[in-house]
Amino acid sequence: MFLREIGWTGFRNLETCAIELDGGFNVFEGDNGQGKTNLLEAVYWLATLRPLRATRLQELIRFGERRCAVTGRIVLDGLEHRLEARIEEGERQCLRELKACRPAEYFGALAVVLFTPDDVGLVRGPPGDRRRYLDRAVFTGRPAHLADVLAYQRALAARNELLRTSEDVALHASFEAALAGPARRLLTARATYLERLTPFFVDAFRGITGLEAPPGLSYRPSLAPGAEDALAEQWAAERERDRERGFTGKGPHADDFGLALGERSARLYASQGQQRALVLALKIAEIRLLEAFFGLTPVLLLDDVSSELDAERNARLFELLHGFRGQVLITTTEARHVQTPDAAREFRVEAGRVTRVQASPSAATVDVS
Ligand SMILES: Nc1ncnc2c1ncn2[C@@H]1O[C@H](COP(=O)(O)OP(=O)(O)O)[C@@H](O)[C@H]1O
Ligand SMILES: [Mg+2]
């Protein structure tokens, strides 16, 4: 799978344009604040219909404009697919092969795995960051996960509202039962994912660090695992406490997962360098899992990662990347910091303008055959 072409209009600070990408390495060089992360966000938005950093869709639209669109031509198993993701009148719209469609029909042509400097905070950050990471990772291999997340959020909002407005016991029981279905699907998907990821994660971590204590991953549910009835019962038992709080205290929305180094919690004990290695191993494992279970080679988006890693880990990362068969989009402030293959395509990003850096004339002559 690779992006042959991507284009945008009205997206963040990016000037309207379309660029043709190489099926392998693509490097985007530019100073800070020029639009490099925005460019990766455009790709991320096209693949997931979700913003990378923004909390509101409106933030994606260029200041002063009312709509935005990102379009892409994707090659998958030799066939070209066309995707378009827009925001019109504040609403998300998606088109596949130039026809408006539902998200469920949209997903499947393009999968991305992203690594940004912010990810390093995953080990120590708040549980919400890890949940979001986990749900995004699950979604990449199983797009239906998004529908489950949204169904759960709707049912949760409905129960929270009921907690504040009603004392009707039967009504409460029915809302708790309605919450249990999507909750059970979320929990199963997350747990299965972490279980499958673990061997790839252990391998990747060893590859990056050599012989450190083996890392571990474990899901930390706030409710005891069980069938739908068992989940609903636990919410019923919590009902009075939840009413005092004014919201549902326990459930998939309050869960976490833990990273460990040997017997120790990575959150408490991992050094800065170990945290980076853990996060990098998570990402590499994510790619390997997609390949092994779904036959999917995602497009890899690397946002300014060289600035976050020390020289040795950086070298390891590029060693690993050179063995990666898929497409890579990488941003950097200094092209010489990224050790890309000779065939890499280079672009400059300047005040939202993205232009191709042509290969030097001598290289071009060699190319003519
Ligand atoms: N909706 C928007 N409209 C116009 N400009 C935006 C919008 N959102 C962010 N920007 C601008 O984009 C720039 C940051 O781009 P970014 O991609 O983060 O830079 P970098 O190259 O450092 O990754 C800032 O100048 C910011 O003001
Ligand atoms: Mg950036």
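# A walk through the predicted model

What covers the buried residues of helix α6 includes α5 and α7. Before going further, a word on conventions. This is a predicted model, in which local features need pLDDT of at least 70 and side-chain atom pairs count only at pLDDT 80 or more, while totals for chains, interfaces and linings use all residues. Residues are numbered from 1 along each chain as its sequence is written, and chains are lettered from A and ligands numbered from 1 in the order in which they are written.

Helices (H or I, at least four residues) and strands (E, at least two) are DSSP runs, numbered from the N terminus. A residue is buried if 20 or more other C-beta atoms lie within 10 Å of its own, exposed if 12 or fewer, and partly exposed in between; the C-beta atoms are placed from the backbone. Two residues are in contact if their C-beta atoms, placed from the backbone, lie within 7 Å.

Back to α6, which spans residues 228-237. Its buried residues are Leu-231, Ala-232 and Trp-235. They cover an arc of only 95° around the axis, which puts them on the same side of α6. The arc is that of the directions from the helix axis to the C-beta atoms. Asp-229 and Ala-237, on the other side of α6, are exposed.

Helix α4 covers residues 144-165. At 1.5 Å a residue, its 22 residues should span 32 Å, and its end C-alpha atoms are 32 Å apart, which agrees. The expected span is 1.5 Å times one less than the number of residues. Which residues of α4 are buried? They are His-145, Asp-148, Val-149, Tyr-152, Ala-155, Leu-156, Arg-159, Leu-162 and Leu-163. Seen down the axis of α4, these fall within an arc of 150°, so they line one face of the helix. They pack against α3 (127-141), α5 (169-209) and α7 (239-245). The face turned away from the buried side carries exposed residues: Leu-150, Ala-157, Glu-161, Arg-164 and Thr-165.

Now the strands. Strands of a sheet pair through backbone hydrogen bonds, either parallel or antiparallel. Here two strands pair if DSSP finds at least two bridges between them. One open sheet has 3 strands in the order β9-β10-β11, with antiparallel pairing. Its edge strands are β9 (215-220) and β11 (264-265), each pairing on one side only. Strand β10 (residues 256-261) is joined to β9 by 6 bridges. There, Ser-218 has Gly-258 of β10 as its bridge partner.

Strand β8 (residues 112-115) is covered on both faces. Val-112 and Leu-114 are buried on one side, Val-113 and Phe-115 on the other. In a regular strand the side chains alternate between the two faces of the sheet. Strand β8 runs parallel to β12 (residues 299-303), and 4 bridges join them. Leu-114 stands opposite Leu-301 in β12.

Asp-304 lies in the loop between β12 and α10 (311-322). Asp-304 is buried, with 20 other C-beta atoms within 10 Å. It touches Pro-117, Thr-331, Thr-332 and Thr-333, not counting residues up to four places away in sequence.

Strands β14 (residues 345-350) and β15 (residues 353-357) pair in the antiparallel sense over 5 bridges. Glu-346 stands opposite Val-357 in β15. Their hairpin has 2 residues between the strands, and Ala-351 takes a positive phi near 45°.

Most residues other than glycine have a negative phi. Arg-12 has a positive phi, near 45°. It sits in the loop between β1 (2-9) and β2 (17-20). Is Arg-12 buried or exposed? Arg-12 is buried, with 22 other C-beta atoms within 10 Å. Glu-97 also has a positive phi, of about 50°. Its place is the loop between β6 and β7 (99-101). With 12 C-beta neighbours inside 10 Å, Glu-97 counts as exposed.

Strand β6 (residues 91-96) holds Leu-95. Leu-95 is partly exposed, with 16 other C-beta atoms within 10 Å. It touches Glu-84, Ala-100 and Cys-101, leaving aside residues up to four places away in sequence.

Of the 14 residues around it, Asn-13, Lys-36, Thr-37, Asn-38 and Phe-63 come nearest. A residue is near a molecule if its C-beta atom, placed from the backbone, lies within 6 Å of it. The shell divides into 2 nonpolar, 8 polar and 4 charged residues. Ala, Val, Leu, Ile, Met, Phe, Trp, Tyr, Cys and Pro count as nonpolar, Asp, Glu, Lys and Arg as charged, and the others, Gly among them, as polar.
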